[in-house]
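Hi,

Here is the structure I promised to pass on. Have a look at it first, and my notes follow below.

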Amino acid sequence: MLGLRRLKSYDYKVYVTGPFQAGKTTLIHTLDPDAMSVERDMKEEYRGEKSTTTTGFDLGRVMWVRKAVDHMGLVVPKKEYLREREEYSGWIVKEIELRGVPGQLHFKFVRDTMRMNTDGVLMIVDSSDSGMIGDACAILAETVSSFGEIPIVSIANKQDRHDAVPPDQVAILIGVDKTTGLSAKNREACKDALILLLKDLEKVSVQETAENVEEIQSPFQHV
Ligand SMILES: Nc1nc2c(ncn2[C@@H]2O[C@H](COP(=O)(O)OP(=O)(O)OP(=O)(O)O)[C@@H](O)[C@H]2O)c(=O)[nH]1
Ligand SMILES: [Mg+2]
């Protein structure tokens with residue numbers, strides 16, 4: 001496991017999951033306009049719209065930059081950060097990999113393949129599509145059972161639609177404490193949701209470091 005960890009070219013990997021057409025690919029491209037996606041055009045319109053569906057994965061890279069640890073900071077696409085990196089000299093910089101997966105249930109094997117080294121999860125649900133709530137629950141159950149204890153932020157997407165139900169209702173429908181309501185087309189809202197997760201990831205890292213220190217120190221305490 002340690003060997004695999006050393007292969008990482010980023011600080012945190014965020015796994016972006018959720019049912020078919022929930023908005024995973026959209027959110028990743030909103031955060032990183034240079035993200036790449038392996039997808040195909042759909043033969044038929046879905047809910048009156050011509051769309052694409054992910055058959056492989058989405059891959060985006062962003063930087064989380066902060067002046068101090070207790071700041072919320074900014075989320076900047078990696079390419080933009082590299083162009084303007086002098087501006088962030090002296091800031092705390094973390095690189096985030098955003099890994100989106102297909103929402104169609106039969107692509108479970110792809111979702112399984114993309115899990116390695118995940119630090120946190122964004123679980124996206126379409127607030128305007130009650131027909132997909134069953135699939136959302138199935139994907140949430142699959143996510144929780146494969147990752148165990150891992151920070152998850154649930155997102156009630158498509159809040160811009162007139163037929164969207166409010167985030168607290170989406171939370172009840174999928175059986176979680178709360179969801180963050182947004183539109184995956186709104187960059188600021190996507191950044192805020194990602195930062196919410198990153199803050200949770202940092203709490204876990206601090207906790208793990210403290211436990212490791214305790215483990216290293218404990219043999220000496222008994223001498
Ligand atoms: N109105 C609205 N439409 C959205 C929003 N987010 C995504 N969409 C639309 O929903 C459709 C599906 O979006 P995708 O981002 O491809 O969804 P996905 O979760 O990646 O879908 P799969 O790859 O098929 O699992 C597209 O037509 C998007 O334009 C949103 O916040 N508001
Ligand atoms: Mg997709």
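**What I found**

Strands 7 and 8 (the latter being residues 180-181) run parallel and are joined by two bridges. In that pairing, Ala 156 sits opposite Gly 181 of strand 8. To get from strand 7 to strand 8 the chain goes through helix 6 (residues 167-174), a β-α-β crossover that is right-handed. Bear in mind throughout that this is a predicted model.

On to the other partner of strand 7: strand 6 (residues 120-126) is parallel to it, with six bridges between the two. Ile 124 faces Ile 155 of strand 7 there. Strand 7 itself (residues 152-157) has five of its six residues buried, so the rest of the structure largely encloses it.

Ligand 1 has 22 residues around it, and the closest are Gly 23, Thr 25, Thr 26, Thr 54 and Gly 103. Sorted by class, that shell holds twelve polar, six charged and four nonpolar residues. Helix 2 (24-31) and strand 3 (52-66) each contribute at least two of the shell residues.

Zooming out, the protein has seven helices and eight strands. Its radius of gyration is 18 Å, close to the 17 Å from the globule rule for 223 residues, so it is as compact as a globular protein of that length. The C-alpha trace spans about 70 × 40 × 30 Å along the principal axes. Of the 223 residues, 37% are buried.

Cheers

Conventions: Residues numbered from 1 in each chain as written. Chains lettered and ligands numbered in written order. Predicted model: local features only at pLDDT ≥ 70, side-chain atom pairs only at ≥ 80, totals over all residues. Near = placed C-beta within 6 Å. Helix = DSSP H or I, 4+ residues; strand = E, 2+ residues; numbered from the N terminus. Nonpolar A, V, L, I, M, F, W, Y, C, P; charged D, E, K, R; others polar. Rg over C-alpha atoms; globule rule 2.2 N^0.38 Å. Buried ≥ 20, exposed ≤ 12 C-beta atoms within 10 Å, placed from the backbone. Pairing = 2+ DSSP bridges. Right-handed = clockwise from strand over helix to strand, strands pointing away.
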